[in-house]
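Good morning, and thank you for making time for this presentation.

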Amino acid sequence: EAIFYSSKYNDVMDHLRNKKNTNLKYFISMDLEQNTNGIYAQKSLVEKGKKLLAEGNKKFLEAKINPDKMGIMLFTSGTTAMSKAVMLSHKNLVTNMMDIHTRFGMSYEDRLLSFLPLHHVFECTVGFLYVVSIGACICFCDGVKHIADNLKEYKITAMISVPAVYEVMYRKVMKTIEKKGKLEAAQKGIKISQTLLKVGIDVRKKVFKEVHDNLGGEFKIAVAGGAPLDVETQKGFNNLGINLIQGYGLTESSPVIAAETPKEKRLGAIGKKFPSVEVKIENPDDEGVGELLAKGPSIMLGYYENEEATKEALDKNGWLHTGDLARIDKDGYIYIAGRKKSVIVLNNGKNVYPEELENLLNKVEGIKESFVYEKKDEDGDVKVCTKLVYDKDLINELYNIEGEENIREFLWQKVKEVNNLMPKYKYIREMIITEEELIKTTTLKIKRHEEIKKILSK
């Protein structure tokens, strides 16, 4: 019934007010100084609220909260299908926040750099509600190019973001070390500090003081979520004395289902399940890989006005089918293999996980990003293919290679090198190259169904 908006949306709101075909009663401008022509000014409402509180009106503070009613509606990222509206309750979100408290060890003294959009549930719960609940400080990032400056400016201690951001940060740190001719010294420092760490002595902050100073001097914990984290990036950050830990979840689970802690982590894993959540693997194969299911008080109420999709995601016993293939080791650490919808099933029944190949391809200097997909020939043969986005200038700078055909030949050699690390059935057999970025969500995940549509339309 009420909408808050900035002046950027004035035309849209005027259109809605004139049409009068919505339930909206209150149009509230964030920019007006006072109420004008039936539009309320947020500033004057805030002043009115302060006055009411001062006069003893406790109506808002004493309002009863229904913990099981929808309190927020957030949309899925739509990487494998159309985006859906997820209904989350007060109980869903608060349960998840309480679980987060047990894992990340942050306090009111921390300063967190907020980078992701707040309409993304990872940022909404972990980067906003959780931080507010512990009384810590949120500093809003000026944009991806300004992360390094903001880390220094605000003396950031913690950051919550997607793996792609940390991968760029780590590459820049290592490039700087290399340009200064300090790579060999850094490698020695890593060996010495790792040896001392085994006997409980942590000298990483002293050994890599210059790196820490460049990141503001107080940066200690980074949380990655929203996509798989590259093992080398995680290992690299931890070697330098910055705790990079991984969490996992979905919009449908408010969002976190499992996470590592600064002390409990295992490379390649997403950590252990949260205290309030139950997890299990459905129909595991010989390697223990099957669909990851989750159940608990942080699982959504359902999809808004979409009963069919709700029944598909939530079974009659309340288990959420995550759509992710995973395995759980004997110690409770969960390992994600890939999305159930994106797995490529070959004619011999073998499974190929695109994310595994993409991770290796993305490590090649000169490849910005990759997309692995399946292609069916007329004879029914299923091929593993890839689309590579390359950096023309970097390839020229590093390898002295110019011209699309020469670049194609170079990239095909790199694909063959990745193939050699794999069993033959996982070999990439066809390649498309482009300089155009892949279609992605606001959290930098590839919209796989849209990319496939784009490739097939050519």
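A definition is needed at the outset: a pocket here is an open set of grid points with protein on both sides within 12 Å along at least five of seven lines, and its lining residues have an atom within 4 Å of a point. Please also keep in mind that this is a predicted model.

With that in place, consider the second largest pocket, whose volume is about 650 Å³. Its lining comprises 16 residues, and those nearest the centre are Leu45, Gly49, Leu52, Lys59 and Phe60. Two elements, β2 (26-29) and α2 (42-54), each give two or more residues to this lining. Of the elements, α2 gives the most, with six residues. In terms of class, eleven of the lining residues are nonpolar, two are polar and three are charged.

How many cavities of 30 Å³ or more does a search of the whole structure find? The search finds one, and the volume of this largest cavity is about 30 Å³. Around it are Arg103, Ala259, Glu260, Thr261, Glu264, Gly271, Lys272 and Tyr333. That lining divides into two nonpolar, two polar and four charged residues.

Next, helix packing. Helix α3, residues 90-104, packs against helix α4, residues 121-133, at an angle of about 80°, and their axes are 10 Å apart. The angle therefore makes α3 roughly perpendicular to α4. On the α3 side, the residues that meet α4 are Leu93, Asn96, Met97, Ile100, His101 and Phe104, and their counterparts in α4 are Thr125, Val126, Leu129, Tyr130 and Ser133. This contact has seven nonpolar and four polar residues, with no charged residues.

A second pair is formed by helix α13, residues 392-399, and helix α14, residues 404-419, which pack at about 75° with axes 12 Å apart. Here too the angle makes the helices, α13 and α14, roughly perpendicular. Lys392, Ile395 and Tyr399 of α13 make the contact with Ile407, Phe410 and Leu411 of α14. Five of these contact residues are nonpolar, none is polar and one is charged.

I now come to helix α10, residues 231-239, in which Thr233 is located. Is Thr233 buried or exposed? Its relative accessibility is 3%, so Thr233 counts as buried. Setting aside neighbours within four places in sequence, Thr233 is in contact with Tyr166, Glu167, Tyr170 and Leu244. The buried residues of α10 are Thr233 together with Gln234, Gly236, Phe237, Asn238 and Asn239. Their cover includes α6 (163-179), α7 (183-197), α8 (204-207) and β10 (243-249). Just after α10, Gly241 takes a positive phi of about 95°.

Finally, Glu153 belongs to helix α5, residues 147-153. With a relative accessibility of 52%, and exposed meaning over 50%, Glu153 counts as exposed. Between Glu153 and Ser83 there are 70 residues in sequence and 37 Å in space, C-alpha to C-alpha.

That concludes the presentation, and I welcome your comments.

Technical notes
Residues numbered from 1 in each chain as written. Predicted model: local features only at pLDDT ≥ 70, side-chain atom pairs only at ≥ 80, totals over all residues. Heavy atoms only, no water. 1 Å grid on protein atoms, 1.4 Å probe; cavity = no way out; pocket = protein on both sides within 12 Å on 5 of 7 lines; lining within 4 Å. Points joined across faces, edges and corners; volume = space filled by probe spheres on them. Helix = DSSP H or I, 4+ residues; strand = E, 2+ residues; numbered from the N terminus. Nonpolar A, V, L, I, M, F, W, Y, C, P; charged D, E, K, R; others polar. Axes fitted to C-alpha atoms, helices over the stretch in contact; angles between N-to-C directions. Parallel < 35°, antiparallel > 145°, perpendicular 65-115°, else oblique. Contact = heavy atoms within 4.5 Å. Buried < 20%, exposed > 50% of the residue type's maximum accessible area, 1.4 Å probe, protein only.
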